[in-house]
Amino acid sequence: MPTVLKNISEIRRFFHRNEDPVYFISATNFNLLGLDEWVKNFKYICYIDCYGGKHPNVFCPSEQPHAEFQSIEDINNYLLQHKEVIDFIKRRGGKPKFVFLMFDEETERLSKELGADVWFPKAKLRSSMDNKIETVRIGNKAGVPSVPNVLAEVKDYADLQKTCEKAGIGHDLVLQSAFGDSGHTTFFIKSEADFRRHEHEIVGEGEIKIMKRIDCRGSAIEACATKEGTIVGPLMTELVGFKELTPYRGGWCGNEILSTAFPPKVRQKARELTFKFGEQLRKEGYRGYFELDFLIDKKTGDIWLGELNPRITGASSMTNHAAFAHADAPLFLFHLLEFSKKKFDLDTSELNDRWADPNMIDSWSQMVIKHTEDSVDICTESPETGIYKMLEDGSVVYDRFDYHRRAVESENEAFFLRILQPGDYRYEGADIGILVTRGRSMTKSFQLNERAKKWIHGIKKTVEGKPLPAANAGPVLADPAFKIL
């Protein structure tokens, strides 16, 4: 093996011959789907078994009593203390490396107890970067502008109006608190009535990002900050707030990847801004994988920074399965390379130019399907993971088991990853699963297309439930305050 990796071929071979066990530990393996086929000794340790025990590299321990989970971090900390997980890691030997979707300082402590390295920047640094207020500041330093905004504490509606008048951003607003999931901590405020509805989530929450509301398209782009420079993936569309998919207004519910999603100038500008942001992150001490949300003004085409996620995300599966990933290597491989301490010498500008080529991007879509009705019951039947077919009459049927997205042969097939299991509570906002199709799920005007609606209806139709036992029928079941993807 060369002492310095000098090209993609050597990097691919390095991971193909990897001897150290690498584990992705999370609620599901969705975010890094398929990475086990690029990295030898890569395993998933998951809380939810999406595959019914049929995936050779997914390990799910048996259920043990635990406190109610409040976050993905809680799930990971439960897994790291589970005897079956500890035995599994010790049995496989080597010097384990852990990667996570989310983790905290307790996760770091538990990882250290197991003799494992966490291949991500420290939780403390990630947490400070994850602050939406901090994102604006980093963007300003990097020359990546945010939507016209002001950062301020909000005492009441009159105070909000005064702040906005001073900042000159008008009174049709979008407010975001410093932390939180998409759709849960974003508030659209145009009147005092709107403000009253969300007052308890705004007042007393510290500094709030107060933005001028613009008519925009959401987009997502992932990148990896390495010592050789920032490597940038493709610009993806975002599915946001569709009532067929999510009960949350402004809630993320999927992505599309296609070379013609946005005009070439917009794509190029987004790539340039992402590179600049990544270079600033390196100066701030952050390295590795990250994602940016950009807001693209429908009228002017102006691009504004929306949000930073200093981690892998729900869109990572799309990025790491794109045509360029198969031609060269998945973007997350460069994250692993950065933390492996292996020396590499890579021309990142040449790689970025190549990945910008429209031929490096094929057309795929993913939709995260939630239970959207205001009801609670117990799931008795849910669609299994595998390949589904859409028949000529628009009905959807299970065809065969597979855990490869690439097994989808045409736009009349889809890969479905099951999240909701029989026996689970089905409540408003519960994830049913993720549907991945070839081609678009939206029209040119960014509305759900008819094919997508048929797929959603077909999948939801196969979910069945039974009423709760009378003792549980009260308001004891609240919507969990966190998402698991």
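Reader: Asp 87: buried, exposed or in between?
Author: Asp 87 is partly exposed in this predicted model. Its relative accessible area is 31%.

Reader: Which residue does Asp 87 pair with in a salt bridge?
Author: Lys 83. The closest N and O atoms are 2.7 Å apart.

Reader: Switching topic. What does Glu 37 bridge to?
Author: Arg 406. The N to O distance is 3.2 Å.

Reader: Which parts does that pair tie together?
Author: Glu 37 is in the loop between β2 and β3, and Arg 406 is in the loop between β20 and β21. The pair therefore links parts 369 residues apart in sequence.

Reader: What about Glu 384?
Author: Glu 384 forms a salt bridge with Lys 54, closest N and O atoms 3.9 Å apart. Glu 384 lies in the loop between β18 and β19, Lys 54 in the loop between β3 and β4, so parts 330 residues apart in sequence are tied together. Glu 384 is partly exposed at 39%. Lys 54 is partly exposed too, at 44%.

Reader: Which residues form a network?
Author: Asp 20, Lys 95, Lys 97 and Asp 117 are linked by salt bridges.

Reader: How many salt bridges come out in the count?
Author: The count is 32.

Key
Residues numbered from 1 in each chain as written. Predicted model: local features only at pLDDT ≥ 70, side-chain atom pairs only at ≥ 80, totals over all residues. Heavy atoms only, no water. Salt bridge = Lys/Arg side-chain N within 4 Å of Asp/Glu carboxyl O. Helix = DSSP H or I, 4+ residues; strand = E, 2+ residues; numbered from the N terminus. Buried < 20%, exposed > 50% of the residue type's maximum accessible area, 1.4 Å probe, protein only.
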